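Colleague: I have this one open on the screen. Can you walk me through a few spots?

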Amino acid sequence: MTEAVQTQSQQEGKFAPRVFSGIQPSGDLHLGNYLGAIKRFVDMQNSGIETIYCMVDLHAITVWQDPAKLRRATRELCAGFIASGLDPQKSILFNQSQAPEHAQLGWIFNCVARMGWMNRMTQFKDKAGKNREKVSVGLFSYPTLMAADILIYHSTHVPVGEDQKQHLELTRDIAAKFNHDYGVNFFPITEPVIEGAATRVMSLRDGSKKMSKSDPSDASRLNMTDDADTIAKKIRKAKTDPDGLPSEIAGLEDRPEARNLVNIYAALADQSVEQVLADVGGQQFGAFKPMLAELAVAKLSPISGEMSRLMQDEGEIDRILADGAMRARAIAAPILAKTYDIVGMVGAGS
Ligand code: TRP
């Protein structure tokens with residue numbers, strides 16, 4: 001949208017850099033969540049930018065969630081964040097429902113977004129499938145709440161997976177339309193920071209499918225709570241092809257499983273794929289897999305150990321989330337109040 005781009009250049013300098021991202025607490029964190037999202041969140045936190053990370057429980061209930069499992073998954077996600085290196089002092093960590101400003105701004109954005117825009121959302125079409133009449137209204141309007149999650153903090157950068165790109169474009173359109181309709185320059189035009197192919201982790205059973213918690217085969221993924229033996233076994237059984245490892249990237253073409261295992265190695269080792277291939281080129285998978293298993297265990301088992309330690313103290317997790325929510329609301333509340341004022345709601349301050 002050219003309008004959005006123009007607005008962006010007019011806006012330069014007005015909004016301080018602020019990173020926001022969210023993950024649904026739907027249970028079963030796996031390597032794809034870690035390498036594709038959480039590890040990048042940690043890097044951004046440590047680069048010194050202000051970072052806000054949210055467990056989006058209100059998004060999770062767009063499809064049915066058992067209440068006890070939802071509570072557990074929210075705490076487990078928080079434990080996973082902290083065990084992976086997110087520091088509740090440096091980043092704001094909280095669950096979405098504890099900052100009611102998200103849902104309040106979400107309503108305003110329901111009145112800004114157009115049906116035509118929402119009808120184009122491919123994720124809704126995929127998720128609803130043939131079941132359109134039976135899914136919740138929330139599943140349809142979900143992207144306006146996501147826009148609110150981001151814009152209630154005037155966030156400038158949002159790290160997300162490729163599958164969320166369209167929702168980020170919608171967020172930009174909503175900000176631009178709000179600014180245009182009310183004649184203000186109030187919401188920033190947020191930049192998506194899309195994950196690269198190198199951090200996109202694919203299924204261990206099928207290199208053309210994303211690693212996913214909904215894959216019926218547990219052998220298709222490395223869960224963040226898997227123990228060392230399970231990790232080693234799953235890697236040993238991971239699908240490969242009969243050839244050995246190439247010494248250059250071109251040799252991974254049309255070999256999705258080989259590419260995936262090399263990508264995982266590179267991401268876990270914090271090396272480039274070129275570097276890894278320079279070292280392991282010429283090896284057979286029989287030699288490479290044990291190396292990968294050793295590396296995966298070395299990186300993941302301290303995280304899963306720390307997660308289970310943290311999960312033993314729910315009180316502490318709940319205190320961290322409550323403190324994060326308080327700090328989040330201190331930013332969100334004045335932005336919501338100003339939004340209400342711009343829109344013409346009578347209340348304190350108008
Ligand atoms: N929609 C995202 C997902 O399913 C989660 C999400 C909700 C999010 N609100 C967000 C991500 C805001 C980034 C920013 O993965």
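Colleague: Where does Ser84 sit?

Modeller: Ser84 is in the loop that runs between α4 (67-83) and β3 (92-95). Keep in mind that this is a predicted model.

Colleague: Is Ser84 buried or exposed?

Modeller: Buried, because its relative accessibility is 10% and the cut-off for buried is under 20%.

Colleague: What does the side chain of Ser84 reach?

Modeller: The backbone oxygen of Gly80, at 2.7 Å.

Colleague: On to the ligand. Which residues come nearest to it?

Modeller: There are 13 residues around the ligand, and the nearest of them are Gln24, Tyr142, Met146, Asp149 and Gln164.

Colleague: How far is the side chain of Tyr142 from a nitrogen atom of the ligand?

Modeller: An N or O atom in the Tyr142 side chain is 2.5 Å from a ligand nitrogen. For Asp149, a side-chain N or O atom is 2.7 Å from a nitrogen atom of the ligand.

Colleague: And Gln24, which kind of ligand atom does its side chain lie 3.3 Å from?

Modeller: An oxygen: a polar side-chain atom of Gln24 is 3.3 Å from an oxygen atom of the ligand.

Colleague: How much of the ligand's accessible area does the protein cover?

Modeller: On its own the ligand has 360 Å² of accessible area, and the protein covers 89% of that. The space the ligand takes up is the largest pocket.

Colleague: Which elements supply at least two residues each to the shell around the ligand?

Modeller: β1 (18-23), α8 (137-151) and β4 (157-160). Helix α8 gives the largest share, with four residues.

Colleague: How does the shell around the ligand split by class?

Modeller: Seven of its residues are nonpolar, five are polar and one is charged.

Colleague: Staying with α8, what lies in the loop between α8 and β4?

Modeller: His154 is in that loop. Its phi is positive, about 50°, although His154 is not a glycine.

Colleague: Is His154 buried or exposed?

Modeller: Buried, because the relative accessible area of His154 is 13%, and buried means under 20%.

Colleague: Why does Asp270 count as exposed?

Modeller: Because Asp270 has 59% relative accessibility, and exposed means over 50%.

Colleague: While we are at α11, where does Tyr265 lie, and is it buried or exposed?

Modeller: Tyr265 lies in helix α11. At 13% relative accessibility, Tyr265 counts as buried.

Colleague: How far apart are Tyr265 and Gly48?

Modeller: Their C-alpha atoms are 27 Å apart in space, and the two residues are 217 residues apart in sequence.

Colleague: New topic. Where is Ala99?

Modeller: Ala99 is in the loop between β3 and α5 (101-110). Ala99 counts as buried, with 0% relative accessibility.

Colleague: Where do I find Met44?

Modeller: In helix α2, residues 31-46. Met44 counts as buried, at 15% relative accessibility.

Colleague: How far is Met44 from Ser91?

Modeller: C-alpha to C-alpha, Met44 and Ser91 are 9.7 Å apart, and they are 47 residues apart in sequence.

Colleague: Last one. Which helix holds His180, and is His180 buried or exposed?

Modeller: His180 is in helix α9, residues 165-182. His180 is exposed, because its relative accessible area is 53% and the cut-off for exposed is over 50%.

Colleague: How far is His180 from Arg120?

Modeller: In space they are 22 Å apart, C-alpha to C-alpha, and in sequence His180 and Arg120 are 60 residues apart.

Notes
Residues numbered from 1 in each chain as written. Predicted model: local features only at pLDDT ≥ 70, side-chain atom pairs only at ≥ 80, totals over all residues. Heavy atoms only, no water. Near = heavy atom within 4 Å. Polar contact = N/O pair within 3.5 Å; in protein donor to acceptor, adjacent residues only side chain to side chain. Areas by Shrake-Rupley, 256 points an atom, 1.4 Å probe, with all protein chains shown as cover. 1 Å grid on protein atoms, 1.4 Å probe; cavity = no way out; pocket = protein on both sides within 12 Å on 5 of 7 lines; lining within 4 Å. Sits in = over half its atoms within 2 Å of the grid points. Nonpolar A, V, L, I, M, F, W, Y, C, P; charged D, E, K, R; others polar. Buried < 20%, exposed > 50% of the residue type's maximum accessible area, 1.4 Å probe, protein only.
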